[in-house]
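Trainee: I'd like to learn how to read the surface, the fold and the pocket here. Can you walk me through them?

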Amino acid sequence: MSTICLNNIEIYAYHGVFEVEQKVGQWYTVNLEIDVDLTEAALNDELRGTIDYSKLNDIIREEMSIKSKLIEHVANRIANRVLETFPDIESGTLSVAKKNPPVKGEMESVEIVIEL
């Protein structure tokens, strides 16, 4: 088993419970790690033996562009779509972090992590 990691994908999006969050938007960081058998790709040097990470990136960006109140909901949509698109994925982890969430005091981010 091998792991493909998409690290620190920076996306400006419009999620939040507060109206201002959905109007003004803010930065998010998304990370995706997937476990998959890469034996065929390693031996044959062909894309068909792996997961196309550019398509994973597209899925993440498309789902992040859909306004939602909660990042839990966004993360769930991303995870479901990734697994539906790539059934060979064995498992993985997805995180969605909202930078500078609207809370009292200073906080770098709040992050949701889900297992695939």
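Mentor: Surface comes first: accessible areas come from the Shrake-Rupley method with a 1.4 Å probe, and for residues only the protein chains shown count as cover. Here the chain's accessible surface is about 7100 Å², and 49% of that belongs to carbon and sulfur atoms. This is a predicted model, where local features need pLDDT of at least 70, side-chain atom pairs count only at pLDDT 80 or more, and totals for chains, interfaces and linings use all residues. Residues are numbered from 1 along each chain as its sequence is written, and side-chain values use heavy atoms, with hydrogens and water left out.

Trainee: What share of the 116 residues counts as buried?

Mentor: Buried means under 20% relative accessible area (1.4 Å probe, protein chains only). In this chain, 40% of the 116 residues qualify.

Trainee: What volume does the largest pocket have?

Mentor: A pocket is an open set of points on a 1 Å grid over the protein atoms alone, where a 1.4 Å probe fits, with protein on both sides within 12 Å along at least five of seven lines; lining residues have an atom within 4 Å of a point. A volume is the space filled by probe spheres set on the points, which are joined across faces, edges and corners. The largest one here has about 170 Å³. Of its 14 lining residues, Glu 21, Lys 98, Pro 101, Pro 102 and Val 110 are the closest to the centre.

Key: Buried means under 20% relative accessible area, exposed over 50%, partly exposed in between (1.4 Å probe, protein chains only).
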